[in-house]
Amino acid sequence: MPPEPRLIAFDTSAAHCAAALLLGDRVVTRVDPMAKGQAEHLMPMLQEMLQHEGLTWQDLDAIGVGIGPGNFTGIRIAVSSARGLALGLAKQAIGVDGFEMRARGEARPYTATIPAPRDRSYVQTYQPDGSQTAPQLQEQPADTQKSAAVLIAAAARIAASRIGHKLPRPAPLYLRAPDAAPPKDHAPVIVP
């Protein structure tokens with residue numbers, strides 16, 4: 001990890017665009033609540049944050065991204081944006097899941113809960129020995145919440161701690177099937 005890492009992290013897995021710009025020990029966060037429109041809003045928001053700090057994309061050491069669980073489309077927006085930026089900028093993209101964001105800095109054992117549709121929650125427990133349970137869908141609402149600004153700042157710090165490590169490309173973390181599914185009919189045949 002660079003001594004004073006510069007990293008931008010973002011998450012669109014819930015009804016917001018959340019971003020954090022990590023500048024050494026300082027973190028600048030921005031959370032724009034929105035139920036839809038994250039795809040059009042995310043890149044201009046990130047550009048504004050960089051410009052406000054007098055930075056360009058090339059000044060960054062890496063890109064951090066929230067990989068879920070959460071909104072199916074929102075997760076895909078963030079992950080595909082991070083992977084595209086990483087490819088175009090020749091920077092490392094680092095995925096951070098929502099459980100890690102919630103568990104950062106918490107005493108163990110700690111159970112991280114994330115709201116899921118239909119008054120359910122996604123749950124993962126972190127043990128004192130460093131192990132954790134497999135994430136699962138629980139049939140009761142999430143009982144703990146941290147603000148989106150706190151969570152995205154945690155994502156930025158976690159991602160920064162992984163700069164330079166050999167990691168797989170960020171991929172969505174889904175714990176349930178999407179509400180919509182592709183049709184089972186055969187694709188239409190185009191006749192010349």
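**Strand pairing, burial and a pocket in a predicted model**

Biologist: Which residue in β7 is the bridge partner of P115?

Modeller: In this predicted model, the partner of P115 is S121 of β7. S121 also has a bridge partner in β8, namely Q138.

Biologist: What makes β6 and β7 a pair of strands?

Modeller: Pairing requires at least two bridges between two strands. Seven bridges are found between β6 and β7, in the antiparallel sense, so the two strands pair by this criterion. For β7 (residues 120-126) and β8, three bridges are found, again antiparallel, and these strands therefore pair as well.

Biologist: Why are β6 and β8 called edge strands?

Modeller: The open sheet has three strands in the order β6-β7-β8. β6 (110-116) and β8 (136-138) each have a single partner strand, so one side of each lacks a neighbour in the sheet. From one strand to the next, the twist averages 35°.

Biologist: What makes β6 largely enclosed by the rest of the structure?

Modeller: Of the seven residues of β6, five are buried, so the strand is largely enclosed.

Biologist: How do you know whether R118 and D119 are buried or exposed?

Modeller: The cut-off for exposed is over 50% relative accessible area. R118 has 57% and is therefore exposed, and D119, at 60%, counts as exposed too. R118 is found in the loop between β6 and β7, and D119 lies in that loop as well. R118 has a positive phi of about 60° although it is not a glycine. D119, likewise not a glycine, has a positive phi of about 55°. The hairpin of β6 and β7 has three residues between its strands.

Biologist: Which residues touch the most other members of the largest nonpolar core?

Modeller: They are I8, F10, L21, W57 and I63, in a core of 25 residues. The elements giving two or more residues to this core are β1 (6-11), β2 (16-23), α1 (38-52), β4 (62-66) and α2 (72-89). The largest share, seven residues, comes from α2. Among the residues that W57 touches, apart from those up to four places away in sequence, are I8, M43, L46, I63 and L85. A second, separate core has 17 residues, including A18, V96, M101 and A160.

Biologist: What lines the largest pocket?

Modeller: The lining comprises 40 residues, of which S13, A14, A15, G70 and N71 lie nearest the centre. The volume of this pocket is about 670 Å³. At least two lining residues come from each of β2, α2, α3 (98-103), β6 and α4 (148-161). The most come from α2, which supplies five residues.

Methods
Residues numbered from 1 in each chain as written. Predicted model: local features only at pLDDT ≥ 70, side-chain atom pairs only at ≥ 80, totals over all residues. Heavy atoms only, no water. Core = buried A, V, L, I, M, F, W, Y, C linked by side-chain atoms within 4.5 Å. Buried < 20%, exposed > 50% of the residue type's maximum accessible area, 1.4 Å probe, protein only. Helix = DSSP H or I, 4+ residues; strand = E, 2+ residues; numbered from the N terminus. Contact = heavy atoms within 4.5 Å. Axes fitted to C-alpha atoms, helices over the stretch in contact; angles between N-to-C directions. 1 Å grid on protein atoms, 1.4 Å probe; cavity = no way out; pocket = protein on both sides within 12 Å on 5 of 7 lines; lining within 4 Å. Points joined across faces, edges and corners; volume = space filled by probe spheres on them.
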